Amino acid sequence: MEDLIAIKNLTKAYDSRHVAVNDITLTLPRGRIIGLLGPNGSGKTTLIKLINGLLTPDSGSILINGEPVGTKTKAHVAYLPDRTYLAGNRKINECLDFFGDFYADFSREKACEMLSGLKIDPAARMQTLSKGNREKVQLILVMSRNADLYVLDEPIAGVDPAARDYILRTIINNYNPGATVLISTHLIGDIEQVLDEVIFMRYGRLVLYTSVDNIREQHGKSVDAYFREVFAC
Amino acid sequence: MLGKLIKYEWKHTYKAGLVLFSALAMVTLIGCLTFQAPMWKMDSPFQDGFSVFLLNMISVASLLLYIFLLVGALWSVLIYLTVRFYRTMYSKEGYLLHTLPVTKNQILVSKILVGSIWIFLVYLGVFFSLIIFGFTLVSALSGESVFSLMNGFMKGLSELLAQLSGMRISMDHGVVARVVFYLVDLILAAPAGLIMLFGAVSMGQLFSRHRVLMAFLSYMGIALVRWLFSTALQGVFYLGSETLGSAEWLFAYFDTGLIISLIKQIVLAVLCYLACYFINSRKLNLE
């Protein structure tokens, strides 16, 4: 089967001294949960923004389902950014309408079910929710899509451990099994148990792309322990 | 998808529009109350005294406030639409907008269309406010009621229209062309002005730092180009004219000014739209 994502010689520099993504070539298959791991400033968010068309690469290419990043790929990619992108004065109901109108693969029923499970009132405005609940609402919107690729940028950063568990459960229980989930984080210990594969990045370069089982078998360590060894200061 | 974008753009801006129209109604009321002061009533028996002086001062202040707020209404709609464009396109809300399965053209057209409608509506609101203000002023000076003045005006207007319709066969084609040109120029001014503002905001995104400042400087640059463009074209006309100062020259001068204004608006709007499109499709770099 054709790879889901094909990245070739991708480079993005913000200025001459700061190359955020440096000549990355990578192909990602379907049906995997992949951790995009690396210390702060390693280029994870830049790579994710490039996959979502929020940044323009300086050179190289990205193909998703064989298509360059654009209108067609955006219809099949569900993206959770590392910030709140829903306006504070919007009601959750309005956000559900919005997603339903623009994404053909969005299931309002699924979203309402998840909101009701968390006892979040769909009539509430985003700005009245706690930070944790705002992030959960965004995650619910993203995971209620039947996408080919879920790109989640730091989904568990800045929330309490109970919320982290909820977020991870939501990801595992709701993603389309034929799809790939790309999760960026530096909180590896919390996420390790759900990952099939990992990508290590440092200084914008690809350090390693392998399966979690491979790390455990070859190095006899958890991903977290191996990450600490590779990125030891 | 364009229809959906327009629907949401309208939905997300209408509240601000209602606030602006409410403010406009309040401002008009303040402007009209101005003429209740004794200084406007020539036959008022109370022309002296401190209280009269105070009322007159309040009247003058209200009049100035009315003019100030009316100009403010025109500016505030432009500022609101520009800030909203920046917020939804290039700040955190842009993360949602730019990941929707829609084309850049659809995004830009929806914003320009809805923004232009709001500008038209505000222009209409200001126009009606001035009409009401004008009637109240004449009423205060003449002593006639506003309603009888309005009746008289409507009668006069219908007579004028009847006369014009009778004259339509003999009407000079030049007059019709001028009126059409003026209307087209007026109608194009709203979207063209908006596209230039959007273009400047987008040009600011080409810089890695101080993007808002760069957007402001870009607008200054566009304004300078606009001024140079019309000055150069008018200069060419002025220098090339042999009948300087004559009536024909005066007509030709105004006609040229009108055509230049129209060309200038179209050319700059097209260039700024292309800049917006290019930056969003080839140079987008959300922070």
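Trainee: How many residues of chain A are in contact with how many of chain B, and what makes them count as contacts?

Mentor: Keep in mind that this is a predicted model. In it, 26 residues of chain A are in contact with 27 residues of chain B. The test is heavy atoms within 4.5 Å, so each of these residues meets that cut-off.

Trainee: What area is buried between chain A and chain B, and what share do carbon and sulfur atoms give?

Mentor: About 2,500 Å² is buried between the two chains, and carbon and sulfur atoms give 57% of that.

Trainee: Why is the pair B:Lys7 and A:Asp101 called a salt bridge?

Mentor: Set the value against the rule. The distance from N to O between these side chains is 2.8 Å. The rule asks for a Lys or Arg side-chain nitrogen within 4 Å of a carboxyl oxygen of Asp or Glu, so this Lys and Asp pair qualifies. As background, side chains of opposite charge can pair when their charged atoms come close.

Trainee: How many salt bridges are there between chain A and chain B, and how many over all chains?

Mentor: Between chain A and chain B the count is one, while over all chains the rule gives 15 salt bridges.

Trainee: How do you know which elements the pair B:Lys7 and A:Asp101 joins?

Mentor: B:Lys7 sits in helix 1 of chain B and A:Asp101 in helix 3 of chain A, so the pair links two chains.

Trainee: What about polar contacts between chain A and chain B, how many residue pairs are there?

Mentor: There are 17 such residue pairs, both partners at pLDDT 80 or more. On the side of chain A that touches chain B, strand 1 (5-15), helix 2 (71-74) and helix 3 each supply at least two residues.

Trainee: How many cavities of 30 Å³ or more does the structure hold, and what makes a space a cavity?

Mentor: Three. The largest cavity has a volume of about 300 Å³. Of the 20 residues lining the largest cavity, the closest to its centre are A:Arg90, A:Phe98, B:His12, B:Glu93 and B:Leu96.

Trainee: Which helix gives the largest share of that lining?

Mentor: Helix 3 of chain A, with five residues. The lining of the largest cavity has eleven nonpolar, three polar and six charged residues.

Methods. Residues numbered from 1 in each chain as written. Chains lettered and ligands numbered in written order. Predicted model: local features only at pLDDT ≥ 70, side-chain atom pairs only at ≥ 80, totals over all residues. Heavy atoms only, no water. 1 Å grid on protein atoms, 1.4 Å probe; cavity = no way out; pocket = protein on both sides within 12 Å on 5 of 7 lines; lining within 4 Å. Points joined across faces, edges and corners; volume = space filled by probe spheres on them. Helix = DSSP H or I, 4+ residues; strand = E, 2+ residues; numbered from the N terminus. Nonpolar A, V, L, I, M, F, W, Y, C, P; charged D, E, K, R; others polar. Buried area = accessible area lost by both parts, 1.4 Å probe. Polar contact = N/O pair within 3.5 Å; in protein donor to acceptor, adjacent residues only side chain to side chain.
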